[in-house]
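Hi,

Here is the structure I promised to pass on. Have a look at it first, and my notes on what turned up follow below.

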Amino acid sequence: MMILSSMCAVIAVFVLFMKALPRKRRIALLSVEICSMVIMLADCFAYAFRGDPSAAGFWIVRISNFLVFTMNIGVLYAFNAYIITLYEDTNSKNSYKRLKVVNYLGLAGEVMLIVSQFTDFYYSFDASNTYQRGPGFILCYLIPAIMLILQVTVIVENYKKLNSTISLSLILFSCLPLLASLVQIKLYGLSLINTTVAGMALLLYLFALKDMNASYERANDLRIELLTAEQQSMKRLFEQTAEALASAIDAKDKYTHGHSSRVAGYSRMIAKLSGKDDKECEEIYYAALLHDIGKIGVPDEIINKKGKLTPDEYEKIKEHTTIGKAILSSIVEFPYISIGAHHHHERFDGRGYPEKLKGNDIPELARIIAVADAYDAMTSKRSYRDPLPQATVRQIFIEEMGGQFDPQFAKHMIHMIDQDQEYVMREREDVKEFSGNDEFTYMGYRNVHTEGVLVIPDRKLNIRIRITPTEGYKEKDCLPVIVLFDALDGRVHTADKLSEELLYTEYAELRYDGNYNLGEARVIKPNVMNMKSSSIISVSKVCGEYEIEAVRQKDHILIKIIGEDKMVEYNVALPDSTRYCYLSFSGAYYHLNVRSINRSDEKIPDNYIPRIAELVSYIDGEAGDVPNVQVDGYRTDASDGVILKKSMEIDFHAKSLPTARLIWHCPFVCIFTSSNGKVTDEDYREFALIRLDGEVWETGNLATNNVILNKNNSFDGWDSWKRLNKEGFDCHVSLKRDGKTITATTENGGILLKSVTKILTDDDTVYVALTGDQTAITRIYFKSKD
């Protein structure tokens, strides 16, 4: 009893300071706890002094019992007030009437209790000062019982109007004392009702506390949700405003449509490769998006001038960096934005503008944007030239490392170029191919060609078109053709001076009737199929709706021209698996409407295209410890990985493919880890990629790499290096491992290469494999030492 009384007292203090509860509810709950405390304390004294005939015992027993009976009604009265505060917003008139009746019953009970003190109606005390039930003791139980029953009816009726936790606590508080009173009638001498009431008072507080915490959590979650929504809304507003400003900037120059958004995208990619976190990448993105905002202050006639700018006009153009800084400096919440606008034309060698900063004095953010800005400028169409081939752009970045560009960020851009086998990173419309056009008119034979659409290996390309005769011509005059070709810029070159420079190769010209002109393709097998029940195939009908389906598999490409009445299928064996294959529409005397262009993400099954010519292979010779590898493009294949323990010696023969023309078309050594020792494993993680031309690429934060490159007297320039690869050479690579440090050394064509890789992860199993770009690697031998 003393423990329960003490607990009720402590909880009463807690309730007193529960400011989160409404005032009336807090007073009601406080009254419940105080009444419960008094009940248990008085009951304790009543038991302790019963049968004590002394004067003190006489008064203590009588006062204690009176308090027990009084506080029992008082706790129900307080509980009733607690219920009223919970339901006062429910507008339940009937419930409120019943709760008022409870109050009246409580008042009547107190009056009856006072009367019984003089009449011994409820209880009396014998000569030994011991409690005895009176003739009306049932009534002292009946009044609280009726009060509880009325409260139960209200609670049950309104159960769903409150939180389930609170409703449950009310049910327990009402029902358990009611059950205890029934038992108490039979078991004379036990304090079941008092103990139950005190226990329920404790539970009432605990349930109220739980509900309050839940309410706090809901309110906090709601506040967080509102704040998050507000932040997202502000972020969207900022994004939309920044994009609108960027679009307004690009609109001043018809040749820079989408320039700002592309530079922003490239900048974010470079930042990510540099190990920046998401917040830093986002800051760099927005700074790049608004890097050219200063052009708003440059006259349109200067920006759109087709000829060479005069010195004064060039100085005016250069002012866009200071104008941009002035515009964006007022955005104090995002100070980094003005940095990109102000410094993106600084050069790493100090010959840029506006402040001629040098090296690391240039803000890092601006150095990243400078690389992305230059890349997009070179790969976008201008009034005086077409986009530069990606290989040319790559070479410029190599030459300007440490000159125009920060070597670290230029290296990341070179890696991005190497990864971009489909030349996706260039100026193009967001929705349409063919430089944004979907309508073409052909008059003279092949005087117009659409921009090439790349046919990606193992992925279907579907193009829906409509063909109609041009004005003044009939259907029989229409001569639509599809041109299959390869070129560095993805465009058809018929007889212009760029065709040789851009390595233009035309594989075939396909017509819609099953006829074709063979170019550099090895062989073509056409097949014309009727799409209707009639056995007669109309070869003269060429106008109407068509679906062009194209898919490539290694050195074969399958083209299906599906019309309303027939399907013409061409199986074309290309010269090799290395070169790209673009598709372009041309012909004469018809109008072309391109309805849609779609690419499938699903890989086609092996042997999807029937082979009509032998696979072009340059690795048919002797094999070593692992199968020979023919790498047709940048890392399109690799040897099996071999575990590196203490040391390893690798010997192999390398020869670049006939299509190889660049310095980096050579073998690579790959150091990595994965579950099965293959570069195609899902858990593949790369520590270093060592190219034999001297470049080393490290991936993310998995490792650091230090490269020492020397050229001895036998090195006769990079042209000699490319000739060596064309002719083929035997290569030897040594690897030594000391814990987490791996040292690789090799010498080829006068290039002495030493790479020191320090692994930063806990991976113990390290593999070594060979790969490359447009190279054949044969006679591969791994010699490992433990």
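The accessible surface of the protein comes to about 37,800 Å², and carbon and sulfur atoms hold 55% of that. Accessible areas here are Shrake-Rupley values with a 1.4 Å probe, and for residues only the protein chains shown count as cover. Before you read on: this is a predicted model, so to speak of local features we need pLDDT of at least 70, side-chain atom pairs count only at pLDDT 80 or more, and totals for chains, interfaces and linings use all residues. Residues are numbered from 1 along each chain as its sequence is written, and side-chain values use heavy atoms, with hydrogens and water left out.

On to the overall shape. The protein has 18 helices and 26 strands, taken as DSSP runs numbered from the N terminus (helices are H or I with at least four residues, strands are E with at least two). Its radius of gyration is 44 Å, well over the 28 Å that the globule rule gives for 786 residues, so the protein is more spread out than a compact globule. That radius is taken over C-alpha atoms, and the rule is 2.2 Å times the number of residues to the power 0.38. Along the principal axes, the C-alpha trace spans about 130 × 75 × 65 Å. Of the 786 residues, 49% count as buried, meaning under 20% relative accessible area; exposed is over 50%, and partly exposed lies in between (1.4 Å probe, protein chains only). Among contacts with a separation of 6 or more, 71% are between residues 24 or more positions apart, a contact being heavy atoms within 4.5 Å.

Now the inside. In soluble globular proteins, nonpolar side chains tend to be buried together. A nonpolar core here is a set of buried Ala, Val, Leu, Ile, Met, Phe, Trp, Tyr and Cys residues joined through side-chain atoms within 4.5 Å. The largest one has 60 residues, and Tyr-82 and Leu-170 touch the most other members. Elements that give two or more residues to this core include helix 2 (23-49), helix 4 (93-119), strand 1 (123-125) and helix 7 (192-251). Helix 3 gives the most, with 12 residues. Not counting residues up to four places away in sequence, Leu-170 touches Phe-79, Tyr-82, Ile-83, Leu-86, Tyr-87, Ile-155, Leu-162 and Leu-204. There is also a second, separate core of 46 residues, with Leu-702, Cys-731, Leu-735 and Leu-753 among them.

Val-10 sits in helix 1 (residues 2-16) and counts as partly exposed because its relative accessibility is 43%.

How many salt bridges does a search of the whole structure find? There are 31, each a side-chain nitrogen of Lys or Arg within 4 Å of a carboxyl oxygen of Asp or Glu.

- Asp-376 and Arg-262 meet at 2.6 Å, N to O. The pair links helix 14 (residues 364-378) to helix 8 (residues 259-273), 114 residues apart. Asp-376 is buried at 0% relative accessible area, and Arg-262 is buried at 12%.
- Arg-466 and Glu-545 have their closest N and O atoms 3.3 Å apart. Here strand 5 (residues 461-469) is linked to strand 10 (residues 544-553), with the two partners 79 residues apart. Arg-466 is partly exposed at 32%, as Glu-545 is at 23%.
- Asp-555 and Arg-611 come to 3.1 Å between their closest N and O atoms. Both lie in loops, Asp-555 between strands 10 and 11 and Arg-611 between strands 14 and 15, so the pair ties together parts 56 residues apart in sequence. Asp-555 is buried at 0%, whereas Arg-611 is partly exposed at 40%.

Salt bridges that share partners also join Arg-347, Asp-349, Arg-351 and Glu-400 into one network.

Last, Tyr-266, which is found in helix 8 and is buried at 6% relative accessibility. Leaving aside neighbours within four places in sequence, Tyr-266 is in contact with Ala-372, Tyr-375, Asp-376, Met-413, Met-416, Met-425 and Arg-426.

Cheers
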